[in-house]
Amino acid sequence: FCHKLVLGIETSCDDTAAAVVDETGSVLGEAMHSQTEVHLNTVTGGIVPPVAQQLHRENIQRIVEETLSASRISPSDLSAIATTIKPGLALSLGVGLSFSLQLVKQFKKPFIPVHHMEAHALTIRLTNKVEFPFLVLLISGGHCLLALVRGVSDFLLLGKSLDIAPGDMLDKVARRLSLIRHPECSTMSGGKAIEHLAKEGNRLHFNINPPMQNAKNCDFSFTGLQHIIDKLITHKEKEEGIEKGQILSSAADIAAAVVSGGVASNLYIRKALEIVANAAQCTLLCPPPRLCTDNGIMVAWNGIERLRAGLGVLHDVEDIRYEPK
Ligand code: KG4
Ligand code: ZN
């Protein structure tokens, strides 16, 4: 192989994912096991970390083997192994990390520690060859941040959520409305179910004022919005039956040049951000939805980016700078 090849492993939350990507951005192989359905059916409907850990343990070996065989390579062909080391659920991260370190030792390969948000942010350079610097909005189940990406590992944080992440808010609203019991949504994440059902509603039916509209900085807040929606649901439950579609399309009405992370797979939110970006005369770029939600490709690609930039191979694990200088 004349190209650099990186195996990426992602287990930060509830997806066990792996991929092999080369220097040109070609994906040689990938595999993924999603735990979404299992977690949706637990008592709380949220992720139970020890359950996630157990499922990662049961699947990691098979997922990595499937990835390598789909790629038609053996571990000895790899230039390095990249793995998400933070942020995420400690129990979940631990499974991917110890499995990778085992491979690293066995095949004597360099190890590249990957920051999950850096991987979400750089995915666009795999699909669109965007140059630094660029603005990125990362919206997912665990995070919400706006940053100027000046280099592979050089992020200037411009704003963040002061409370919960937008995906977390959507998941809570979805649980409150038991969307999992809807026959079309039984395997969908909360955010995806909301996108699906919101198509039935008119977003202007309820007058919801998103919080922080007049704040003079780039921070975000989502608990306020969640409380407004919660109150609306309680009120509607008391009145007549509730109009889920109407509530959901209002919930999706939140509003950068690159947007990524699980919530960025929402076509409504993408369209809204596109309008904002166009008004500021910039183009909005999004990876395709399957690369916005957690996946192994983004981790492998982050490994390629770090190899090319001569960054963070085996050392520098704590050196990823996310705070303004
Ligand atoms: O990036 P991701 O896969 O995992 C984290 O790093 O958090 O994002 C998962 C989040 C979940 O909260 C899920 O409800 C949300 O992304 N999500 C969506 C959609 N698909 C997934 N939110 C809105 N619309 C979607 N289509
Ligand atoms: Zn993520």
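**Ligand 1 and a helix pair**

Modeller: This is a predicted model, and in it α6 gives the largest share of the shell around ligand 1, with four residues.

Biologist: OK, and which helices each supply at least two residues of that shell?

Modeller: α5 (166-176) and α6 (190-198) each do.

Biologist: Which residues come nearest to ligand 1?

Modeller: There are 19 residues around ligand 1, and the nearest are Gly141, Gly167, Gly191, Gly262 and Asn266.

Biologist: How many of the shell residues are nonpolar, polar or charged?

Modeller: Twelve are polar, four are charged and three are nonpolar.

Biologist: And where does ligand 1 lie relative to domain 1 and domain 2?

Modeller: Between them, because the shell takes residues from both domain 1 (5-128 + 291-308) and domain 2 (134-279).

Biologist: Switching topic to α5 and helix α7. At what angle do their axes cross?

Modeller: Roughly 15°, and the axes of α5 and α7 (residues 223-238) come within 10 Å. Angles under 35 degrees count as roughly parallel, so α5 and α7 are roughly parallel to each other.

Biologist: Is the crossing left-handed or right-handed?

Modeller: α5 passes α7 in a right-handed crossing.

Biologist: Which residues make the contact?

Modeller: From α5 you have Met169, Lys172, Val173 and Arg176, and from α7 there are Leu225, Gln226, Ile229, Asp230 and Ile233.

Biologist: How does that contact split by class?

Modeller: The contact of α5 with α7 has five nonpolar residues, three charged and one polar.

Definitions and conventions: Residues numbered from 1 in each chain as written. Chains lettered and ligands numbered in written order. Predicted model: local features only at pLDDT ≥ 70, side-chain atom pairs only at ≥ 80, totals over all residues. Near = placed C-beta within 6 Å. Nonpolar A, V, L, I, M, F, W, Y, C, P; charged D, E, K, R; others polar. Domains from an automatic or database assignment. Axes fitted to C-alpha atoms, helices over the stretch in contact; angles between N-to-C directions. Parallel < 35°, antiparallel > 145°, perpendicular 65-115°, else oblique. Left-handed = near helix turned anticlockwise from the far one by under 90°. Contact = placed C-beta atoms within 7 Å.
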